[in-house]
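Q: I would like to learn how to read helix packing and pockets in a model. Could you walk me through it?
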Amino acid sequence: MKFVCEKNILQDSISIVSKAINNACAVDILKGIKIDVKDQIKMSGSDLDLSIESVFDADISEEGSLIVDARIFADIVRKLPDGPVEIETYSKNELKINCLNTKFNILYLSSEGYPEIKKLETGDSFKLYSTDLKNVIKNTIFAISNNESRPILTGSKFEITNSNLKVISIDGYRLALRNQVIPETEYEDLSFVVPGRALNEMLKILKDDATIVEITIRE
């Protein structure tokens, strides 16, 4: 495996996928970031409950797939100088990271056995702007319950009716409700609950811009 990309792109991708990684997990491969190099670079992080993928372009010389320790990899990339970063496997289970005059060698694991992140190719879906979704979450997440004895309240309920999105959070003492106009849908009664942890991580990742976000729901 060998590719070159800018440090800021690499660092942003690591930061995003690391939000789904639990460093206290007993399974070593789940403490790591999976890097798949093919037509693009795809980085994945998962703790089985929450999975995040980040895809970006790079100058690819050799394809491959591996897992690196998320904490160590993030620390190394953060300390690199600004500039192009070259990442290459050069011997069994060793990864070389070069950036200008800075070089690191770290160990990696095989990607075999890493949980497959299933993508919802079909299902009920709707779209909205990133800034709208971010504001909806920001206005309702504070009222989500932390009481695990009532798990249904540890998330926000999303209700879709034609061109209206309603998001509701309640913890037994507070209730937050936000309505948001979205592009017209065919749904007159679509509802689901998104766990608070997932919403919290989305809030950190979503940008205040007009990027289109597509949400797909399936049983």
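Q: Which handedness does the crossing of α3 and α4 have?
A: In this predicted model, α3 passes α4 in a left-handed crossing.

Q: At what angle do helix α3 and α4 pack?
A: The general idea is to take the angle between N-to-C directions. Here α3 (residues 130-140) and α4 pack at about 130°, and their axes are 10 Å apart.

Q: How do the axes of α1 and α2 cross?
A: Helix α1 (residues 7-17) and helix α2 (residues 70-79) have axes that come within 10 Å and cross at roughly 150°. Angles over 145 degrees count as roughly antiparallel, so that is how α1 runs relative to α2. The crossing of α1 past α2 is left-handed. Lys7, Leu10, Gln11 and Ile14 of α1 meet Phe73, Ala74, Val77 and Arg78 of α2; by class, the contact has five nonpolar, one polar and two charged residues.

Q: How much space lies in the largest pocket, and what lines it?
A: The largest pocket holds about 2,000 Å³. Its lining has 43 residues, of which Leu50, Ser51, Ile52, Met202 and Glu214 are the closest to the centre. Elements giving two or more residues to the lining are β4 (51-56), β14 (190-195), α4 (196-205) and β15 (212-217). By class, the lining has 22 nonpolar, nine polar and 12 charged residues.

Methods
Residues are numbered from 1 along each chain as its sequence is written. This is a predicted model: local features need pLDDT of at least 70, side-chain atom pairs count only at pLDDT 80 or more; totals for chains, interfaces and linings use all residues. Side-chain values use heavy atoms; hydrogens and water are left out. Axes are lines fitted to C-alpha atoms, for helices over the stretch in contact, and angles run from 0 to 180 degrees between N-to-C directions. Helices (H or I, at least four residues) and strands (E, at least two) are DSSP runs, numbered from the N terminus. Angles under 35 degrees count as roughly parallel, over 145 as roughly antiparallel, 65 to 115 as roughly perpendicular and the rest as oblique. A crossing is left-handed if the near helix is turned anticlockwise from the far one by less than a right angle, and right-handed if clockwise. Contact means heavy atoms within 4.5 Å. Ala, Val, Leu, Ile, Met, Phe, Trp, Tyr, Cys and Pro count as nonpolar, Asp, Glu, Lys and Arg as charged, and the others, Gly among them, as polar. On a 1 Å grid over the protein atoms alone, a cavity is a set of points where a 1.4 Å probe fits but cannot get out, and a pocket is an open set with protein on both sides within 12 Å along at least five of seven lines; lining residues have an atom within 4 Å of a point. Grid points are joined across faces, edges and corners, and a volume is the space filled by probe spheres set on the points.
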